[in-house]
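Here is a friendly walk through one chain, written for someone who likes to know the cut-offs behind each term. Please have the viewer open as you read.

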Amino acid sequence: MTSPATTGTTGIQVAFPALESVDDSGVVTDTAITVVGPWGDEVETSTGAAGSFTPEFPGIYTLVYSATDAAGNENSVRYAVAITRRSTASSLVSPVRRSR
């Protein structure tokens, strides 16, 4: 599996790769990817397929990849995605002081 992005910007879609899990008996089919927002709220859930989310607020989002095999064994891995505020055009332009 390719690791997901570790940074992003508010208002811009952040993609995450599909989850692939295996154990001694073969491929694990019960998988999920959950995106948790900066305040602990669930933002998006995928059933293991590649997906994306568009963050509204800056902060640290967590991608939780989880898998359960046929015997009920569970495992998960977490990735942090740091989201920064998108700059607006007006914040990029400095006022010009005119001399008299």
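R85 lies in the loop between β9 (74-84) and α1 (89-92); helices (H or I, at least four residues) and strands (E, at least two) are DSSP runs, numbered from the N terminus. The model is predicted, so local features need pLDDT of at least 70 and side-chain atom pairs count only at pLDDT 80 or more, while totals for chains, interfaces and linings use all residues. Residues are numbered from 1 along each chain as its sequence is written, and side-chain values use heavy atoms, with hydrogens and water left out.

Is R85 buried or exposed? With a relative accessible area of 60%, R85 is exposed (buried means under 20% relative accessible area, exposed over 50%, partly exposed in between, using a 1.4 Å probe and protein chains only). Beyond its neighbours within four places in sequence, R85 is in contact with T9, T10 and P58, where contact means heavy atoms within 4.5 Å.

T10 deserves a look of its own. T10 sits in the loop between β1 and β2 (14-16). R85 and T10 are separated by 75 residues in sequence, yet their C-alpha atoms are 5.2 Å apart in space. T10 is buried, at a relative accessible area of 9%. Setting aside neighbours within four places in sequence, its contacts are P55, E56, F57, P58, I83, T84, R85 and R86.

## The chain and its sheet

The chain holds 1 helix and 9 strands, and from the N terminus on its elements run β-β-β-β-β-β-β-β-β-α. Of the 100 residues in the chain, 27% are buried. Among contacts with a separation of 6 or more, 54% are between residues 24 or more positions apart. The chain exposes about 7000 Å², with carbon and sulfur atoms supplying 49% of that area; accessible areas come from the Shrake-Rupley method with a 1.4 Å probe, and for residues only the protein chains shown count as cover.

Which order do the strands take in the open sheet of 5 strands? The order is β1-β9-β8-β5-β6, with mixed pairing; two strands pair if DSSP finds at least two bridges between them. β1 (7-9) and β6 (42-46) stand at the edges with a single partner strand each, so one side of each has no neighbour in the sheet. On average, neighbouring strands of this sheet are turned by 25° against each other, direction ignored; axes are lines fitted to C-alpha atoms, for helices over the stretch in contact, and angles run from 0 to 180 degrees between N-to-C directions.

The pairings, each with one pair of opposite residues, are set out here.

| Strands | Sense | Bridges | Opposite residues |
|---|---|---|---|
| β1 and β9 | parallel | 3 bridges | T9 and T84 |
| β8 and β9 | antiparallel | 10 bridges | Y61 and V81 |
| β5 and β6 | antiparallel | 4 bridges | V36 and E42 |

Two hairpins come next. β5 and β6 form a hairpin with 5 residues between them, and G40 in the turn has a positive phi of about 85°. The hairpin of β8 and β9 also has 5 residues between the strands, and there G72 takes a positive phi near 90°.

## Core and aromatic pairs

The largest nonpolar core has 11 residues: V14, F16, L19, I33, V35, F53, Y61, L63, Y65, V81 and I83. Such a core is a set of buried Ala, Val, Leu, Ile, Met, Phe, Trp, Tyr and Cys residues joined through side-chain atoms within 4.5 Å. β2, β5, β8 and β9 are the elements that give two or more residues to this core, and β8 gives the most, with 3 residues.

A search of the whole structure finds 3 aromatic pairs; rings of Phe, Tyr and Trp (its six-membered ring) pair if their centres lie within 6.5 Å, with planes under 30 degrees apart counted as stacked, over 60 as edge-to-face and the rest as tilted. One of them joins W39 and F57 edge-to-face, at 5.3 Å centre to centre and 80° between the planes. W39 is in the loop between β5 and β6 and F57 in the loop between β7 (51-53) and β8, so the pair ties together parts 18 residues apart in sequence. W39 counts as exposed at 63% relative accessibility, whereas F57 is partly exposed at 41%.
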